[in-house]
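Me: I am new to this structure and would like to know what stands behind the terms used for it. Please set each value against its definition.

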Amino acid sequence: MHLFGSYSHNTDAKLRLTLPSIFRKEFDESVILIKMGFEDCIYGFSPEGFESWVDGLFPEGFNQRNKNHIALRRKLNSSAVRVDIDSAGRIALSRMKERDLEILHGRAVTVVGNNDHFEIWDAATFESAEEEISDEEFESLFFDED
């Protein structure tokens, strides 16, 4: 999956979000949503992508005999919600826990592609997060220091 770009959208009165059409082509019938508190956004994965992402969080491999691994995987899976993509290309954010939606301060959101997943940000929060990265930091990705 190769998701990229940022798209300004609004949620409707029922907290449904229309996914960008370019993203909808990458998903079958549903997405897995999970709030990423450390970034104040919601991640969206394909079901297979979510499973792969969770597996990747255990670099030495998931150990079913390790109580901590079991507890961490349980917390991840219980924090996620599977939502269907309706015929209009919308997902129901209202299926998430209310506390997880508090990061969306209004109806204006930015949907951002981030390679293997998309992110849903409150529009103002995303703008602030983008401003935190200086032009010099961004340019350092492309050029070696002299």
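Me: What makes the sheet open, and in which order do the strands run?

Reply: The sheet has six strands in the order S1-S7-S8-S4-S3-S5, with antiparallel pairing. Strand S1 (6-10) and strand S5 (81-84) are its edge strands, as each pairs on one side only. Neighbouring strands are turned by 30 degrees against each other on average, direction ignored. The model is predicted: local features need pLDDT of at least 70 and side-chain atom pairs pLDDT 80 or more, while totals for chains, interfaces and linings use all residues. Residues are numbered from 1 along each chain as its sequence is written, and side-chain values use heavy atoms, without hydrogens and water.

Me: What counts as a helix or a strand, and how many of them are there in the protein chain?

Reply: Both are DSSP runs numbered from the N terminus: a helix is H or I with at least four residues, a strand E with at least two. The protein chain has six helices and eight strands. From the N terminus on, they follow one another as β-β-α-β-β-α-α-β-β-α-β-β-α-α.

Me: How do you know that S1 and strand S7 (residues 108-114) pair?

Reply: Two strands pair if DSSP finds at least two bridges between them. Five bridges join S1 to S7, so by that definition they pair, and they run antiparallel. Ser6 stands opposite Val112 in S7, and His9 has Val109 as its bridge partner there.

Me: Which partner does Thr110 have in S8, and how many bridges link S7 and S8?

Reply: Thr110 is bridged to Trp121 in S8. S7 and S8 pair over six bridges in the antiparallel sense.

Me: Why is S7 called largely enclosed?

Reply: Buried means under 20% relative accessible area, exposed means over 50%, and partly exposed lies in between (1.4 Å probe, protein chains only). Five of the seven residues of S7 are buried, so the rest of the structure largely encloses S7. Of the 146 residues of the protein chain, 35% count as buried.

Me: Why is Asn115 called partly exposed?

Reply: Asn115 has 45% relative accessibility, so it counts as partly exposed. Asn115 is in the loop between S7 and S8. Its phi is near 65 degrees, a positive value in a residue other than glycine. The hairpin of S7 and S8 has two residues between the strands.

Me: Where is Leu15 found, and what is its phi?

Reply: Leu15 is in the loop between S1 and strand S2 (16-18). Its phi is positive, about 60 degrees, although Leu15 is not a glycine. At 30% relative accessibility, Leu15 counts as partly exposed.

Me: Why is helix H2 called roughly antiparallel to helix H3?

Reply: Helix H2 (residues 47-56) and helix H3 (residues 67-79) pack at an angle of about 150 degrees, with their axes 11 Å apart. That makes H2 roughly antiparallel to H3, because angles over 145 degrees count as roughly antiparallel (under 35 as roughly parallel, 65 to 115 as roughly perpendicular, the rest as oblique). Axes are lines fitted to C-alpha atoms, for helices over the stretch in contact, and angles run from 0 to 180 degrees between N-to-C directions.

Me: Which residues of H2 and H3 meet?

Reply: Phe50, Trp53 and Val54 in H2 meet Arg73, Leu76 and Asn77 in H3, where contact means heavy atoms within 4.5 Å.
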